[in-house]
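We will go stop by stop, each time with something to pick and something to look for.

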Amino acid sequence: MTSVDELATTVGSAIDDALTTVRGTAKAFADRYPDDTTRGNQYPVRPADTTHAEGANRGWTTSFPAGMDWLAWELTGDDALLQAGLRHLHDFDRRVHEGDDLETHDLGFLYTLACVTPWRLLAPAAEAGDAEAARTLAAAREAALLAADHLMGRLLEPAGIIQAWGDLTDPAQRGRTIIDSLMNMPLLTWAGQQTGEPRYADAVRRHTAQLREHILRADDSTFHTFYWDTETGEALRGGTEQGAFDDSCWARGQAWGVYGFTLNHEATGDVHLLDAARRCADYFLDHLPADGVPFWDLAYGDGSDEPRDSSAAAIAVCGLHELARVEPDPERAARYAAEGVRILRGLMAGYTPTAEGVASDALLLHSVYDAPKGNGVDEGSLWGDYFYLEALVRHARPDWERYW
């Protein structure tokens with residue numbers, strides 16, 4: 001058996017395991033949402049808060065189950081998965097029309113997977129005359145465009161950055177953006193393509209240029225978060241919320257940089273963003289432990305007893321796969337592709353419930369949400385699960401069309 005055949009077999013087996021889990025969680029949670037991370041390797045129902053009932057659609061991670069349902073439906077054609085994805089779509093339609101928990105830049109994460117993805121996937125049925133699919137497409141498009149306009153409302157002048165979190169009048173959050181925001185830009189790119197309005201593409205261009213200039217350090221590591229003066233537009237300072245130190249390199253943030261700068265290079269054609277993606281990738285790869293799965297901050301390496309973050313590895317696999325696809329230098333492209341496969345092999349071999357022989361409804365174990373706050377440390381995570389399944393699909397189906 002060739003190494004290519006062996007990889008295909010291993011990936012196929014991992015997909016089979018993942019599909020079993022996705023089917024089970026779609027049925028078990030139905031129209032409720034799991035929490036961000038597991039507890040003891042099992043996802044609890046998303047807890048209630050002062051304005052939301054238990055299991056409600058709130059927070060930034062609720063679209064990842066939807067994304068997994070759509071990936072699984074693409075792989076299987078299973079109607080139960082289609083219906084699960086549609087339930088998510090309808091609840092996200094409700095969420096944006098009711099103005100429910102929208103004070104975040106993560107509208108890009110939320111509405112790209114929950115609404116833009118089914119809009120793309122169901123288009124052939126609508127074009128073939130399926131009236132129900134056509135109605136669904138119209139609702140998905142309207143909800144996603146409304147979410148994009150909410151996201152545009154977070155654009156701060158004169159800096160030209162999109163504020164990350166919270167009420168725009170909150171002095172603690174005013175003028176802050178984070179590296180994760182790169183993955184929220186595809187919603188604006190899609191909205192610009194749909195409407196023909198240049199304001200969306202202009203926001204993407206300006207925001208990503210600011211991150212390239214300021215959140216990416218001279219040594220090719222990244223800040224997690226960065227602040228701008230909202231009156232003058234002056235770049236102020238970098239820091240962290242979830243990394244080890246302000247001047248360390250949070251692993252998941254660096255992975256967002258690999259994937260996000262690549263996607264935004266494709267959207268804008270800006271070669272400086274391609275260079276930023278390369279720089280993020282090279283730094284990430286140069287700071288991995290032997291098995292290819294990073295510690296939660298890249299300040300730590302082999303011999304450390306700090307927790308790993310498998311979700312950062314899964315995101316990086318997707319980013320490296322995409323970067324290899326668009327990289328014009330054959331040697332660089334081959335390196336990024338090979339390293340992505342190496343990291344994916346490490347995840348399949350040592351970070352799944354099957355590999356460890358444990359019972360879990362997560363696809364991927366040993367993720368870290370927020371180590372400094374002790375939140376979701378050494379647990380499964382919804383985003384880790386989604387990007388792991390996306391990584392598997394990317395390597396199983398070379399013609400797969402990305403959702404972002």
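Helices (H or I, at least four residues) and strands (E, at least two) are DSSP runs, numbered from the N terminus, and two strands pair if DSSP finds at least two bridges between them. Please keep in mind that this is a predicted model, where local features need pLDDT of at least 70 and side-chain atom pairs count only at pLDDT 80 or more, while totals for chains, interfaces and linings use all residues. Residues are numbered from 1 along each chain as its sequence is written, and side-chain values use heavy atoms, with hydrogens and water left out.

**First stop: a sheet**

Start with the open sheet of three strands, whose order is S3-S4-S5 with antiparallel pairing. Strand S3 (176–178) and strand S5 (235–239) are its edges; each has a single partner strand, so one side of each is left without a neighbour in the sheet. On average, neighbouring strands here are turned by 25° against each other, direction ignored. Next, select S3 together with strand S4 (residues 225–228): three bridges join this antiparallel pair. Ile-178 has Thr-225 in S4 as its bridge partner.

**Second stop: a hairpin**

Move to strand S6 (residues 367–370) and strand S7 (residues 375–379), an antiparallel pair joined by three bridges. Val-368 stands opposite Val-377 in S7. The two strands form a hairpin with four residues between them, and Gly-374 in the turn has a positive phi of about 70°.

Where does Asn-41 sit? Asn-41 is in the loop between H1 and H2, and has a positive phi of about 75° although it is not a glycine. Then show the side chains of Asp-36 and Arg-46, which meet in a salt bridge (3.1 Å, N to O). Both lie in the loop between H1 and H2, so the pair ties together parts that are ten residues apart in sequence. A salt bridge is a side-chain nitrogen of Lys or Arg within 4 Å of a carboxyl oxygen of Asp or Glu, and the whole structure has 34 salt bridges.

For another loop, pick Pro-158, between strand S1 (155–156) and strand S2 (161–162). The peptide bond from Glu-157 to Pro-158 is cis, with omega near 5°.

On a 1 Å grid over the protein atoms alone, a cavity is a set of points where a 1.4 Å probe fits but cannot get out, and a pocket is an open set with protein on both sides within 12 Å along at least five of seven lines; lining residues have an atom within 4 Å of a point. Grid points are joined across faces, edges and corners, and a volume is the space filled by probe spheres set on the points.

The largest cavity has a volume of about 210 Å³. Select Thr-25, Ala-26, Pro-34, Pro-65 and Met-68, the closest to its centre of the 19 residues that line the cavity. H1 gives the largest share of this lining, five residues.

Finish at the largest pocket, with about 410 Å³ of space. Its lining has 21 residues, and Trp-60, Asp-106, Trp-165, Gln-242 and Tyr-369 lie nearest the centre.

Key: Axes are lines fitted to C-alpha atoms, for helices over the stretch in contact, and angles run from 0 to 180 degrees between N-to-C directions.
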